[in-house]
Amino acid sequence: MSTEQFPQWTPSELFKDRPESSKIRDQIFAAYELVEGLTLSQPPSLAELESVCKWVNANDNTFLPLFVKYHRTLKRVYSSSLSEKISALAQHHCSICTIHDGGLPTHVISIRIPPISKQAAAQTRGRRAAFERAIKYRFAGHLTPFPADTSICLLIVFVVKASGAQKDLDNMAKAILDAVKNVLFGDDRRIDHLNIIRIKSPDEEFVYLNIRETRLNEHHDVLFPRMLHTWAGAQPLNLEDFLEET
Ligand SMILES: [Zn+2]
């Protein structure tokens, strides 16, 4: 992107492919001080941050095209076999959660077990417990790749038979999440991003997991750490108002 079309004060860090959040922040403060002729406290107060945030929003034409980076991710358009297509999907890169500096390595793990539905398995005694035991057996002797306090981005690829009754995607996800929590990562409440794919196959059934660390909720990429939602007049919905008399 050419720098000529932007004002002189535009933070230079924003022109980089992988800008650092802390540098963007410092350079936005410097630009604000220069343009507004003000000096911010060190560190800026919440009220000052809100003013800077509003100034940034008012200068959307400058900031927005630079805040939104188009990270190229490769999409496979053709595969030599269904196996190739499925493993390519399982390797899928999460452009939202990818951590460029540091972070734990991504794990792509296959589990050669037909997926079950948590809801359907509950109807057959012992089936759910057997599924969980089978998965624990699969990972016996493996180290937990993600410590319990790691926030997780998880992609699940279910490979199921095209024929026969189809299980709900969400119920298949519940069954596998119950089985792998505390085995591959901590509690399943650590999952901040969950992606689920179902691929139909003429024969084999199995599961692929793609697990990576996410820093989605650390908000180092946010200038003003508060909500400024305007809602455009939308009313809040209170559940109490909709409870039916019993
Ligand atoms: Zn993600």
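Guide: A nonpolar core is a set of buried Ala, Val, Leu, Ile, Met, Phe, Trp, Tyr and Cys residues joined through C-beta atoms within 7 Å. The model discussed here is predicted.

Visitor: Which element gives the most to the largest nonpolar core?

Guide: The largest nonpolar core holds 27 residues, and Ile 156, Val 157, Phe 158, Ala 175 and Ile 176 touch the most other members. Two or more residues come from each of helix H4 (82-90), helix H6 (127-138), strand E2 (152-161), helix H7 (169-180) and strand E4 (206-213). With nine residues, the element that gives the most to this core is E2.

Visitor: In E4, which residue is the bridge partner of Val 157?

Guide: An open sheet of mixed pairing is formed by four strands in the order E1-E4-E2-E3. Its edge strands, each pairing on one side only, are strand E1 (107-111) and strand E3 (191-201). E2 and E4 are joined by eight bridges in the antiparallel sense. In E4, the bridge partner of Val 157 is Tyr 208.

Visitor: Is Trp 9 buried or exposed, or does it lie in between?

Guide: Trp 9 belongs to the segment before helix H1 (21-36). Beyond four places in sequence, Trp 9 touches Ala 31, Leu 34 and Val 35. A buried residue needs 20 or more other C-beta atoms within 10 Å, and an exposed one has 12 or fewer. Because Trp 9 has 16 C-beta neighbours inside 10 Å, its class is partly exposed.

Visitor: What distance separates the C-alpha atoms of Trp 9 and Val 160?

Guide: Along the chain, Trp 9 and Val 160 are 151 residues apart. The separation of their C-alpha atoms is 55 Å.

Note on methods. Residues are numbered from 1 along each chain as its sequence is written. This is a predicted model: local features need pLDDT of at least 70, side-chain atom pairs count only at pLDDT 80 or more; totals for chains, interfaces and linings use all residues. Two residues are in contact if their C-beta atoms, placed from the backbone, lie within 7 Å. Two strands pair if DSSP finds at least two bridges between them.
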